[in-house]
Amino acid sequence: MRRLALALALLMLAGPACDWEHAALMNSIPIKGKPSVNPTVHVFLGFDGLSHSAVTKARERGAFSGWNLSRFIPMFPATSDASWTRILHTGRFAGYEYGHYDPRHDALYNTAVEGLLVHAIPPLDSLAHLLPEKVRAPVYYEAFDHHASDYLSSVWSYERPVFGWYRSLDHLFVALAGRSEKQHTFSAYVLEGDVIGHMLSEEDFVDVLVALSERIQEFKRRHPERTFVFTLFGDHGMDSVRKPPPYVMDLRNQLRTVGITPVDTFGQADAVGGPAAVAVLHTRVTYVALHARPQWAMEVARRASTAPAADLVIARGVSPGSGYPEDLEWVDAWREGALAARFGYQRSTDTYWLPANMNWAALDLPVTFEPGAESGVFSDETLFAATAERTYPDFFFRARTSLEPISVEFPADALVSLRDPYMSEGFRVPLVGGSDLASAASHGAMHGKGSVSALLTEERSLPATVRSDTLLELFPSLSEHMRERGLTLLPGADGASLDYAQLR
């Protein structure tokens, strides 16, 4: 009954949806400004699901000529809400997505009909106080001057993805024309790239990126009175791996077969008296978050790694023995029931301690040790450079920080990174589609195929690969603009900054 009431409340809030387009128009009516006051306008466009692969193919067709391009490595799991929050250093989101487990109330939220609704129809900004905290829109929306063409734009986008893309661009450039009369910086968010990636093909995404490049050049020609400097960036990539219906699964079924009892609360877990976990099934992504009591977390991670869908399971670990500083924080990666990787992180020195007896090559992690050494100590820059273009890019930093409350208020105790072509079933959409819906591609896993996004700019030169946590360091005008919009920027992950000059 409570779920039904919440669903009805969200639908009622959709009633004023027509006001959104009116507000967007009124918010963008050009109030004539003087180009001499802001002769240069910096434009930052955040595109959901902007994959490096698609951008590279678009450039091969002549798009974004002369721009600088970097591989843009997001957090793990590479999923929208947590990733945008992390990139922009805004207020934490409760979970990696709307669906999350809250240990304060020992409750699992937004996993049924209300989860589907809040994912597709986010609460109205001005009426957010009327809804429970668990369904409020993420703070990162406030970082953008423009983030939706209308209230139901995400719904229409899933119905007609390519049309939704062009409609969003129409609204975006109208807003830019109006805001640039007074502002030095403009920021906008576009959802539809993610929708095209999930539902169509990479070639379709390449087509709309080529069109975007042409639209940008057309806009500049129409507004010669100012210099517009564009920067595009994304929150994750797309793996371009179609998920056959048998592989679109509810991981809880596989957890049962490997001896883990799926539960909805820790209260239920305590009654099991053995390995039990709260599994958070998000949208149709390639990871699953598990929450478990501390005494069972390692065993849950080990057993979960034996599930057919699991590639890697990341969880907290323990020291492998003497010879290591006591202040190291240990992280494990499990595969097929065995320890595939274990490393320690020393926060005071921003260094990683790696045991030499791990088979690092099996994970395509090219680390070497002094002859006869039992371990090695590596700087963050060294490991970033070594893994940036490997199977699991920026593996050590991403694995470590995935379990920390950086952009996520309640991080998981274990994260299951799924192997191809598996995908979490997530929400079922009644009367619309089954396992084949939104299954053309996905993202979220540790693997680089669905992780690596793109950073593309006219503003400055770029390193070959950029950690997404450092975007605001590279573009201080964006962080200044966000502060002008009233946002408080959080510090971010310890050790996130990189000396890019050292990596050249």
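Reader: What lies over the face of F397, and at what distance from the ring centre?

Author: R467 lies there, at 3.7 Å from the ring centre of F397. A charge is said to sit over a ring if NZ of Lys or CZ of Arg is within 6 Å of the ring centre and within 35 degrees of the ring normal. The charged end of R160 likewise sits over the ring of F163, 4.2 Å from its centre. Please keep in mind that this is a predicted model, in which local features need pLDDT of at least 70 and side-chain atom pairs count only at pLDDT 80 or more, while totals for chains, interfaces and linings use all residues. Residues are numbered from 1 along each chain as its sequence is written, and side-chain values use heavy atoms, with hydrogens and water left out.

Reader: What makes W84 and Y189 an aromatic pair, and why is the pair called edge-to-face?

Author: Rings of Phe, Tyr and Trp (its six-membered ring) pair if their centres lie within 6.5 Å, and planes under 30 degrees apart count as stacked, over 60 as edge-to-face and the rest as tilted. For W84 and Y189 the centres are 5.5 Å apart and the planes make 90°, so the pair is edge-to-face.

Reader: Which parts of the chain does this pair tie together?

Author: W84 lies in helix α4 and Y189 in strand β5, so the pair ties together parts that are 105 residues apart in sequence. Helices (H or I, at least four residues) and strands (E, at least two) are DSSP runs, numbered from the N terminus.

Reader: Why is the pair of F144 and Y189 called tilted?

Author: Its planes are 35° apart, with 5.7 Å centre to centre, and therefore the pair belongs neither with the stacked nor with the edge-to-face ones. F144 comes from the loop between α5 and α6, 45 residues from Y189.

Reader: How do you know whether F144 and Y189 are buried or exposed?

Author: Buried means under 20% relative accessible area, exposed over 50%, and partly exposed in between (1.4 Å probe, protein chains only). F144 has 3% relative accessibility, so F144 counts as buried, and Y189, at 7%, counts as buried too.

Reader: What makes β8 and β15 the edge strands of the open sheet of nine strands?

Author: Two strands pair if DSSP finds at least two bridges between them. The order is β8-β9-β10-β16-β11-β12-β13-β14-β15, with mixed pairing, and β8 and β15 are the edge strands because each pairs on one side only. Within this order, β12 and β13 pair in the antiparallel sense over seven bridges, and W330 stands opposite G344 in β13.
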